[in-house]
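Here is a short briefing to read with the model open beside you. Take a look at the structure, then follow the topics below.

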Amino acid sequence: MSNRPTIYQNFIDGQFRSSADHIEVFNPATQALLSHSPASSASDVDDALNAARRAQAGWARKPAIERARYLNKIAAKLRENVSLLARTITLEQGKISALAEVEVNFTADYLDYMAEWARRIEGEIIPSDRLNENIFLFRKPLGVVAGILPWNFPFFLIARKMAPALITGNTIVIKPSEETPNNCYEFARLVAETDLPAGVFNVVGGAGSVGGQLSASAHVDMISFTGSVGTGSRIMAAAAPNLTKLNLELGGKAPAIVLADANIDLAVNAIRNSRIINTGQVCNCAERVYVERSVADQFIDKISQAMAATRYGDPIANPDIEMGPLINQAGLNQVTQRVQTAIKQGATVVTGGAVADLGQGYHYQPTVLTACTQDMEIMRKEIFGPVLPIQIIDSLDEGIALANDCEYGLTSSIYTENLNKAMQACREIDFGETYINRENFEAMQGFHAGVRKSGVGGADGKHGLYEYTHTHVVYIQS
């Protein structure tokens, strides 16, 4: 990428199209201007939706195995361009280079994985109460999907929405985050190099008004959104008049319970890695720790040392670091406010606790807070930064009760060597996912879904794939 800001264009109906207005995109590590991204007009969005609608019927008529081959072609293009794509992600989002490369490769694998479902999408034959009658259940595409993306894993989320949509016969309009649109336009550039039919995949950039138009459109059959609870609520309200199907992955406040019989070194390593990955800007990262009293001092000492040793900075200038910047000034302000409020409420800073003075960019020190209690904001509200609040507990029952005392319900984790305690946690922890003796990170063949304010529906695996279909039951009397 040259030093001159790139001017990106929307991708509509198989063609790149200029937009009258643009949004400036900056590097969060250095605050340098990277690009001018489209600020789409209402007519741009309408053109993309109309293109997707025109293409959908023909796309759905293709055999699923044919649709799969297009996904395989796109995956191959991604693998040919890993370095370029990873650098684009790192520059605009601040993700360290190694993680950006993992994101690109995982995205290619995800496309191939969803393509494998071409021969596995199944209906049902249901017994009838009537003589000489058969009941068939078919799975059919919904139509046009709107995919509204976050900025924290912007590249992978393209595929997480696009791949199941396309393999099941839908077409899609993607709206990337205005914070990190560049990688999506680079993705579109590679799609344009394949023979994917025009209109099947479209990209329109812009701020919240673009997402609002997509959410309120009667021409959208499903909205798949990943992001904040507040934005998810607004999308739900906009979609309500049309009763548009929603798939929403929203916030998280993942608890990690560390019991006295846990492998402490394993717990420290897993929780620390879960907290600093992507600078803590991940909805399923461990966001609060409940540690049993008898091992609390040992755990706090080791995890504080591990957090303090984290190497951070500009991931382009320092490719060997473990953590980059926060996404923007608003993100930095939120983390700062959360920590300052925790201190006022009685929390103790063991390490970190302040903005990192690196001269430029939105960097925050890896931080551990102790003496935390359940009524503190830091234990109840999302941090979305490299800050780990810790509360001491006296039993598994207490840990489970505190974990469940939350408006979110996406991911959770427990560290124990006792199978009975692990199974109790599986039964009683009320979250969409629970990780036992490992870091918080899901598999593409699983089902990533939450309860309460963490969202509606889910993604990945068979169950995520079927989110993009509706059922058609046919009664045949012979």
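Contact here means heavy atoms within 4.5 Å. Helices (H or I, at least four residues) and strands (E, at least two) are DSSP runs, numbered from the N terminus. You are looking at a predicted model, in which local features need pLDDT of at least 70 and side-chain atom pairs count only at pLDDT 80 or more, while totals for chains, interfaces and linings use all residues. Residues are numbered from 1 along each chain as its sequence is written, and side-chain values use heavy atoms, with hydrogens and water left out.

**Helix H8 and its surroundings**

- Helix H8 spans residues 229-239, and its buried residues are Val229, Gly232, Ile235 and Ala239 (buried means under 20% relative accessible area, exposed over 50%, partly exposed in between, with a 1.4 Å probe and protein chains only).
- Viewed down the axis of H8, these buried residues fall within an arc of 120°, so they line one face of the helix; the arc is that of the directions from the helix axis to the C-beta atoms.
- A handy rule is that an α-helix has 3.6 residues a turn, so residues three or four places apart point the same way.
- Arg234 and Ala237 are exposed on the other side of H8.
- The cover over the buried residues of H8 includes strand S8 (144-148), helix H7 (208-216), strand S11 (222-226) and strand S12 (245-249).

**A three-stranded sheet**

- Three strands form an open sheet in the order S6-S7-S23, with antiparallel pairing; two strands pair if DSSP finds at least two bridges between them.
- Strand S6 (124-126) and strand S23 (469-477) are at the edges with a single partner strand each, so one side of each has no neighbour in the sheet.
- On average, neighbouring strands of this sheet are turned by 25° against each other, direction ignored (axes are lines fitted to C-alpha atoms, for helices over the stretch in contact, and angles run from 0 to 180 degrees between N-to-C directions).
- Three bridges connect S6 with strand S7 (residues 133-141) in the antiparallel sense.
- Isoleucine 125 has phenylalanine 136 in S7 as its bridge partner.

**Arginine 338 in helix H11**

- Arginine 338 belongs to helix H11 (residues 329-344), and it counts as buried because its relative accessibility is 12%.
- Which residues does arginine 338 contact, leaving aside its neighbours within four places in sequence? They are Glu377, Ile378, Lys381, Glu382 and Ile383.

**Salt bridges**

- The structure holds 28 salt bridges, each a side-chain nitrogen of Lys or Arg within 4 Å of a carboxyl oxygen of Asp or Glu.
- Aspartate 109 and arginine 79 form one of them, with the closest N and O atoms 2.8 Å apart.
- That pair links distant parts of the chain, 30 residues apart, with aspartate 109 in helix H4 (residues 97-115) and arginine 79 in helix H2 (residues 64-80).
- Aspartate 109 is partly exposed at 36% relative accessibility, and arginine 79 is partly exposed with a relative accessible area of 36%.
- Glutamate 178 and lysine 175 form a salt bridge too, their closest N and O atoms being 3.1 Å apart.
- Glutamate 178 is partly exposed at 30%, whereas lysine 175 is buried at 4% relative accessibility.
- Arginine 438 meets glutamate 439 in a salt bridge through their side chains (3.8 Å, N to O).
- Arginine 438 is partly exposed at 34%, and glutamate 439 is partly exposed at 35%.
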